[in-house]
Amino acid sequence: MRDLRPTVQAIGIDPGINLRSQDNQLHRCTVIVRSTGLVATGENNTIMDCQIDSPLGLELFGARSRIENSTFQGSVGIKMNRTSENLIEGCKITTTKGVLIEDSTGNRVLNNTFSGTGFGVVVFGILIFLL
């Protein structure tokens, strides 16, 4: 059986995918871009079983989102800023900086695999729960 995974490829400066509304679900996609792979400003979004290859995989501003079982490659896997109650679980993150969390609260980073040349999780000014 052939894997019919939707693919987004771009060479511009805009994000490959921009989730501005809430309650979106993005499953089994591949994003290959030269800028940010995904930007999620809306709340309660789900990103699952995706493959993101970009300098910044996911920039997350919306609260209560789930990022599960996805693969990130590039410089920074996931960047969260001024958000809360997000879950990053079961991801494979092969980047220089895996997850950057800035000025955010109540986020959970659980059961992920980090590899690369830098830090797995970088935290600035917040409380999180790591397993």
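**Briefing: strands, cysteines and core**

Strand β7 (residues 51-53) runs parallel to β4, joined by 3 bridges. Strands here are DSSP runs of E with at least two residues, numbered from the N terminus, and two strands pair if DSSP finds at least two bridges between them. This is a predicted model: local features need pLDDT of at least 70, side-chain atom pairs count only at pLDDT 80 or more, and totals for chains, interfaces and linings use all residues. Residues are numbered from 1 along each chain as its sequence is written, and side-chain values use heavy atoms, with hydrogens and water left out.

**Strand pairing**
- Val31 has Ile52 of β7 as its bridge partner.
- β4 (residues 30-33) also pairs with β1 (residues 7-10), in the parallel sense, over 4 bridges.
- Gln9 is bridged to Ile32 in β4.

**Cysteines**
- The disulfide count is 0 (a disulfide is a pair of cysteine sulfur atoms within 2.5 Å).
- Cys50 has its closest cysteine sulfur in Cys29, 3.0 Å away, so the two are too far apart for a bond.
- Cys91 is in no disulfide either; the nearest cysteine sulfur, that of Cys50, is 9.5 Å away.
- Cys50 is buried, at 1% relative accessible area (buried means under 20%, exposed over 50%, partly exposed in between; 1.4 Å probe, protein chains only).
- Cys91 is buried too, at 2%.

**Nonpolar core**
- The largest nonpolar core has 23 residues. Such a core is a set of buried Ala, Val, Leu, Ile, Met, Phe, Trp, Tyr and Cys residues joined through side-chain atoms within 4.5 Å.
- Elements giving it two or more residues include β8 (56-60) and β10 (71-81).
- Ile78 is among the core residues with the most contacts inside it.
- Beyond four places in sequence, Ile78 is in contact (heavy atoms within 4.5 Å) with residues including Leu58, Ile67 and Ile88.
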